[in-house]
Amino acid sequence: MREDQMLQVAITGRGVISSLGNTIGEFNAGLDRGKSTAVHAPWADEAGGNLFYAPVREFDPSNWLDERTARGTDRFAQYAVAAATNALADAGIDEPDPLRTAVVMGTSMAGAQTLYDADAAYREGGFAAVPRKVQLMAWPNMAAGQTALRWRLHGPLLTVSTACASSLDAIGIAARMIEAGLADTAIVGGTDNGQAKISGMAAAQYGMSPTDVADPTKICMPFDVHRRGVIPGDGAGVIVLENLAHAEKRGARVHGIVRGYASLSDGYHPSSPDPSGKWEVETIRAAQIDAEIAPSDIGAVVAHGTGTPVGDISEIIAINELFPPEVAVTSLKGTLGHTAGAAGVMGVIAGLHTMDSGTLAPTANTTELEPEVSFRVPLGSPSAVTGDAFQVNAFGFGGQNASLVVTRA
C-alpha cells in the first residue's frame, strides 16, 4: 500500500449470478470442476449453424425483486440487483448506510434485449405497440440505479461502460472513491445479459464465434493451439468494498484487499489488441506498481483469455514478459463463456476462492497449450498455488485495458 493512500480497501462481500449457479459455493465448485456450461443457443437453427451460449439457469427475478420492479427491469439489471443482494448478505450488511454507500456498476451491452424487443414490437404493431418503459429498462445506468433504489441509497452512483473491462474499472473507481473518503462502502461489479439474441448473432457474423463447430468445448479453448473464438456468457458479479477500518469496526470478514489498479488504452484497433502486447504489459505493470508489489509475489493470474486467436497471443506475450514461469494462470471463459461486463469481477471472485483454497481453477476445454506459453496453466483440475496476492486482467473492445491486484488482508 502506498504511503500516500488514505485507506486500505477491503472486500467483505461476494455475490454472483452465473451459468454455474447463483451462489458463491456453486460458482467456486463449478470453476474447480473445469467443465463448459455452454449449450446450443435458441437461435442456433435460425442462424443456420451451430451457435452456443452459457446461460444463467433457473433465475427467477421474483426471488430478489418485487413483481412490479421485475416487470419493468431488463434482465441485465435484474442480475445486478440479485448479485448485490447476495453480496450484501455475504458481507453481513442488512441496511447499507444511505449516505455513505456508493454504487458503481459496469456493463457492456446493458439493456440491448429490451431495444431488440421494442423494435420487433414496433415493426409488428407500429407506434402504439412500442413499450412505454423502454428507456427505464434499456439505459445502461439502470443496473446501478435499480440497486440504489432497492436499498434507498443516496451516495455516489455511477455506471462504467468500458466493454469487457467494465467491472474491473468499476472496482478500481469505487476503490478510489473509498480512498478519497467519498464513501465508506461500495456495492460494485458488472452485469450483462448474455442471452441477447442479436448480440450472439452479431458475434458470429463478426467472426468471433464460429458456426461450423458442433462441439462447444472445441470453440472457446483459451491459450490452446486449436482455439476458435468466443462463446457468449451470461450473468453478474458484485462485491462489497469497504474502508478497512470500517469493516474491522463492525467485525466483518475480510476476503481480500484491493491493492493496485490500472486502466490504459491500447490505441490500436476497435477489436484487436496490439499484437506486440505492449500496452497489456504496461497495464499489468502499472497495477503492480500501484500496489507496490513485485510480479514474483503474485501467485496466480486470472487472465482475460478469450480463446480468440489474436487476443490470446498478446496476453501470452504480456504474461511471459512480466511474470516468472512458476506463476499459475487460468481463464474462466472456457467454463463461463465470455460474460463481457461481468468478466472482470467474476475473475476477482475466482481469485478470492484461490486465496481461500490454495488452488487455482483449471482452464476448461484447453488441452494443447500454445508453444509460446511459458507459465503454468492448470488443465483438467485445480492446481496448487502459493503467495498472498493474485492479479486479474480484462481487455475490451475499443482498446480498454484494465488490471487489478488483490492481496490478503
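Residues are numbered from 1 along each chain as its sequence is written, and side-chain values use heavy atoms, with hydrogens and water left out. Because this is a predicted model, local features need pLDDT of at least 70 and side-chain atom pairs count only at pLDDT 80 or more, while totals for chains, interfaces and linings use all residues.

Helix α3 covers residues 75–91. Helices (H or I, at least four residues) and strands (E, at least two) are DSSP runs, numbered from the N terminus. From first to last C-alpha, the 17 residues of α3 reach 24 Å, close to the 24 Å expected at 1.5 Å a residue; the expected span is 1.5 Å times one less than the number of residues. Twelve of the 17 residues are buried, so α3 is largely enclosed by the rest of the structure. Buried means under 20% relative accessible area, exposed over 50%, and partly exposed in between, with a 1.4 Å probe and protein chains only. Among the buried residues of α3 are Phe76, Tyr79, Val81 and Leu88. At the start of α3, a side-chain oxygen of Asp74 comes to within 2.9 Å of the backbone nitrogen of Phe76. Just after the helix, Gly92 has a positive phi of about 75°.

Tyr79 also belongs to an aromatic cluster, together with Phe59 and Trp64. Rings of Phe, Tyr and Trp (its six-membered ring) pair if their centres lie within 6.5 Å; planes under 30 degrees apart count as stacked, over 60 as edge-to-face and the rest as tilted. The count by this rule is five aromatic pairs. In one of them, Phe223 and Phe375 have ring centres 5.8 Å apart and planes at 75°, so the pair is edge-to-face. Phe223 is in the loop between α8 (197–205) and β7 (235–243) and Phe375 in the loop between β11 (359–360) and β12 (383–384), so the pair ties together parts that are 152 residues apart in sequence. Both Phe223 and Phe375 are buried.

On a 1 Å grid over the protein atoms alone, a cavity is a set of points where a 1.4 Å probe fits but cannot get out, and a pocket is an open set with protein on both sides within 12 Å along at least five of seven lines; lining residues have an atom within 4 Å of a point. Grid points are joined across faces, edges and corners, and a volume is the space filled by probe spheres set on the points. The whole structure holds five cavities of 30 Å³ or more. The largest cavity has a volume of about 100 Å³. It is lined by 15 residues, of which Leu332, Lys333, Ala343, Gly344 and Gly347 are the closest to its centre. Helix α13 gives the largest share of this lining, four residues.

The largest pocket contains about 940 Å³ of space. Of its 44 lining residues, Cys164, Met208, Val230, His338 and Phe397 are the closest to the centre. Elements giving two or more residues to the pocket lining are α8, α11 (309–322), β13 and β14 (400–407).

Leu360, in strand β11, is buried, with a relative accessible area of 2%. Leu115, in helix α4 (residues 112–125), is partly exposed, with a relative accessible area of 46%.

Notes: Polar contact = N/O pair within 3.5 Å; in protein donor to acceptor, adjacent residues only side chain to side chain.
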